[in-house]
Amino acid sequence: MADGRPNIVFIMSDDHAAHAMSCYGSRINRTPHMDRIADGGMRFDSCFCTNSICTPSRASILTGTYNHINGATTLSTMLDNRLTTFPKLLQGAGYQTAVFGKWHLGEGPKHNPTGFDEWAVVPGQGYYHNPTFIFPEGDGGGVKRTVPGYVTDIIADMCIDWLDRRDPEKPFCLLCHHKAPHRPWYSDEKHASMFLDGDVPEPDTLLDDYANRAKAAEAAAMRVGVHMSTTDLKCEMPADMPEPELRRWAYQRYIKDYLRVVQSVDDNVGRLLDYLDAKGLAEDTLIVYTSDQGFFLGDHGWYDKRFMYEESLKMPLIMRYPREIAAGSVNRDIVLNVDFPALFLDLAGLPAPAEMQGRSFRPLLQGSTPPDWREAMYYRYWMNGAHHNVAAHYGIRTHTYKLIYYYNDGCGQLGAMNASPPGAADCGGRGRLIPLDFEPEWELFDLEKDPQEMCNVVNDPAYAGVVRELKDELHRLQAEVGDARHPTDRD
Ligand code: CA
């Protein structure tokens with residue numbers, strides 16, 4: 001151990017759902033290198049994002065704050081790089097710090113990475129093949145250069161190169177931020193021939209008809225097939241193919257491309273693990289694998305994320321740190337993206353600043369749940385309409401229930417649809433756009449009886465007491481984190 005403090009390797013991919021990892025019981029692929037982390041450490045089964053979309057979740061992960069505090073509520077609200085982040089605090093305490101890969105928190109002097117000894121990030125979403133990177137040169141705005149090769153390999157190369165050049169006497173914190181497997185799912189040559197034979201199993205809810213749900217579900221423009229572009233499908237959509245055949249056909253094209261891209265991420269996780277092993281660093285290094293949110297893999301007939309439904313809300317999270325985590329352990333306590341900074345600072349022996357809203361879950365790593373650990377979490381998706389026509393909503397999830405309020409209002413947020421109707425879906429395809437001009441609605445799911453969230457029971461008299469308790473707890477949590485309820489939420 002360099003100076004008694006652990007190293008941190010934080011690998012975060014983009015839009016990788018837990019149900020496409022074999023350590024989470026995937027029915028559709030194998031991820032042997034990610035499984036090495038889970039087998040040697042802990043798998044978290046209830047890690048959730050507080051806003052299921054790239055920029056907002058990344059802002060929460062760096063700052064430890066909810067989006068109404070850090071200001072990154074939508075994809076159009078970039079992170080002010082003067083805010084306090086955990087890399088800055090670690091750097092200030094003598095850690096060597098670096099980030100390579102996807103940033104997606106804005107570009108230029110006000111938004112480029114700060115708090116890192118070295119960095120190179122792709123602009124916006126970045127490209128899979130021969131990607132452009134921004135390097136920290138020039139007047140603070142950075143300089144863009146194209147790097148030949150495949151983006152996932154390049155990001156791992158940059159990480160390993162930096163590790164090779166570090167000072168072995170000091171601890172390090174490395175952020176390896178993969179662009180993959182974000183849309184539009186271009187694989188490398190190495191994995192292009194995977195899944196050519198036969199079909200990938202379909203999710204149970206692929207042919208969801210959105211009955212028994214709030215209107216927001218039917219209005220969402222993210223259906224596999226009708227809401228996909230030729231870029232997504234890598235071919236023209238068959239003009240005369242009706243549903244449900246179209247959805248089933250498009251699912252096979254989509255999921256195979258997605259999984260090919262995931263496989264390269266897994267290979268490159270393996271490269272980093274091999275490096276740590278070869279250099280004798282595995283014992284002294286906390287290695288994390290996560291993704292900025294979950295993703296619909298044909299679940300409910302969808303791709304994309306945004307909704308508070310399970311597949312999108314849940315982040316994969318596996319951690320290995322032999323000094324504190326028992327191999328092969330599983331944790332089911334609720335942990336959140338805002339908790340990461342407090343944990344990393346705790347491991348480095350640093351206090352978390354008062355403005356950070358998350359809580360260190362180091363006791364959970366050690367197999368001990370504090371008696372006052374949270375039993376519920378607060379979620380808010382701000383980006384009303386706009387991409388994929390998903391209605392703005394907030395809600396609460398406990399271990400057994402989920403209550404969601406669709407208030408269908410941009411609330412003046414940049415990038416949200418603030419005038420109704422209609423919104424503008426950015427996707428191609430031939431889907432009909434449904435205006436988000438309906439009245440606000442509540443949804444309640446009984447997660448024990450209905451884990452796939454197919455039946456909204458908010459108006460079932462049998463749940464009246466549960467609804468009352470959850471609304472009270474939602475409003476209490478909202479006040480606790482400093483957010484305010486929507487004016488139409490008067491219950
Ligand atoms: Ca993402």
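**Group meeting: the calcium site and a pocket**

Okay, let's start with the calcium ion: along the sequence, its donor residues are spaced D-D-x38-C-x237-D-Q. A donor here is an N, O or S atom within 2.8 Å of the metal, or 3.2 Å for Na, K and Ca, and water is not among the atoms, so sites may look incomplete.

Quick background. This is a predicted model, where local features need pLDDT of at least 70 and side-chain atom pairs count only at pLDDT 80 or more, while totals for chains, interfaces and linings use all residues. Residues are numbered from 1 along each chain as its sequence is written, and side-chain values use heavy atoms, with hydrogens and water left out.

So who holds the calcium ion? We've got Asp14 (OD), Asp15 (OD), Cys54 (SG), Asp292 (OD), Asp292 (OD) and Gln293 (OE1), at 2.1 to 2.6 Å. The angles among the six donor atoms run from 52 to 162°, and the site is irregular. For six donors, octahedral would need opposite donors over 155 degrees apart and all others between 65 and 115.

Now, are aspartate 14 and glutamine 293 buried or exposed? Both are buried, meaning under 20% relative accessible area (1.4 Å probe, protein chains only).

Next, the largest pocket. A pocket is an open set of points on a 1 Å grid over the protein atoms alone, where a 1.4 Å probe fits, with protein on both sides within 12 Å along at least five of seven lines; lining residues have an atom within 4 Å of a point. This one is lined by 27 residues, and His19, Asp299, Glu310, Glu311 and Lys314 lie nearest its centre.

Note on methods: Four donors count as tetrahedral if all angles lie between 85 and 135 degrees; four count as square planar and six as octahedral if opposite donors are over 155 degrees apart and all others between 65 and 115; anything else is irregular. Buried means under 20% relative accessible area, exposed over 50%, partly exposed in between (1.4 Å probe, protein chains only).
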